Amino acid sequence: LGLAIGRVAESRGIAFALAAIIPHGILEIPAIIASSAIGFRLAWEVLRKIFSGGSILRELRRGIRFFLLRIIPLLFIAAFIEAFITPAIALLVSRP
């Protein structure tokens, strides 16, 4: 991502590069970070249960619920913004 932004910034300007990333990135990046956190939490719970016994079903249900109710909607909104709003903003910024 950094290399791509750098190349675009060199050819089209930093304003265009940021306009092409920021509108949908505001939602997309936190959703990706939260998804990673869910994965790390589940991995931690699996390791805990391996050594202490028990079930991870409760934590698995929590993770899936959070993913379905929070992450998926954020990614759909980000995709809509990326497809329909970001190009318009980038076009406005690229005009002299």
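This is a short tour of the structure, one selection at a time.

Before you start clicking, keep in mind that this is a predicted model, in which local features need pLDDT of at least 70 and side-chain atom pairs count only at pLDDT 80 or more, while totals for chains, interfaces and linings use all residues. Residues are numbered from 1 along each chain as its sequence is written, and side-chain values use heavy atoms, with hydrogens and water left out.

**Stop 1: helix α1**

Select residues 2-12, which make up helix α1. Helices here are DSSP runs of H or I with at least four residues, strands are runs of E with at least two, and both are numbered from the N terminus. How many of the 11 residues of α1 are buried? The count is 1, so this helix is hardly covered. "Buried" means under 20% relative accessible area, "exposed" means over 50%, and "partly exposed" lies in between, using a 1.4 Å probe and protein chains only. Now click on G13, which follows α1 and has a positive phi, near 105°.

**Stop 2: the nonpolar core**

Next, select A31, A34, I38, L42 and I71, the 5 residues of the largest nonpolar core. Helix α2 (residues 14-52) gives this core its largest share, 4 residues. A nonpolar core is a set of buried Ala, Val, Leu, Ile, Met, Phe, Trp, Tyr and Cys residues joined through side-chain atoms within 4.5 Å. As background, nonpolar side chains tend to be buried together in soluble globular proteins.

Stay on A31 and show what surrounds this residue. Leaving out residues up to four places away in sequence, A31 touches I71, L74 and L75; contact means heavy atoms within 4.5 Å.

**Stop 3: a charged network**

Now move along helix α2 to E45. Is E45 buried or exposed? E45 counts as buried, at 5% relative accessibility. Residues up to four places away in sequence aside, E45 touches I56 and E59.

Show the side chains of R41 and R48 as well. R41 and E45 meet in a salt bridge of 3.4 Å, N to O, and E45 also forms a salt bridge with R48, where the closest N and O atoms are 3.4 Å apart. A salt bridge is a side-chain nitrogen of Lys or Arg within 4 Å of a carboxyl oxygen of Asp or Glu. R41 and E45 are separated by about one helical turn because they are 4 residues apart in helix α2. E45 and R48 are 3 residues apart in that helix, again about one helical turn. Both arginines are partly exposed: R41 is at 38% relative accessibility, and R48 has a relative accessible area of 39%.

E59 counts as buried, at 10% relative accessibility. Salt bridges that share partners join R41, E45, R48, E59 and R62 into one network. The count of salt bridges comes to 4.

**Stop 4: a nonpolar surface patch**

Switch to a surface view and select L57, L60, I64, F67, L68 and L69. These residues form a nonpolar patch on the surface, with about 520 Å² of accessible area together. Accessible areas come from the Shrake-Rupley method with a 1.4 Å probe, and for residues only the protein chains shown count as cover. Patches are made of residues with over 30% relative accessible area and no salt bridge; like charges are joined within 9 Å, and nonpolar side chains (Val, Leu, Ile, Met, Phe, Trp, Tyr) within 5 Å. One member, L60, is found in helix α3 (residues 57-94) and is partly exposed.

**Stop 5: further along helix α3**

Select F80 and F84. Their rings form an aromatic pair that is tilted, 5.0 Å centre to centre with 45° between the planes. Rings of Phe, Tyr and Trp (its six-membered ring) pair if their centres lie within 6.5 Å; planes under 30 degrees apart count as stacked, over 60 as edge-to-face and the rest as tilted. F80 and F84 are separated by about one helical turn because they are 4 residues apart in helix α3. F80 is partly exposed, at 47% relative accessible area, whereas F84 counts as exposed, at 57%.

Finish at T86, also in helix α3. T86 counts as buried, at 6% relative accessibility. What is T86 in contact with, leaving aside its neighbours within four places in sequence? The contacts are A19, A20, P23, H24 and I81.
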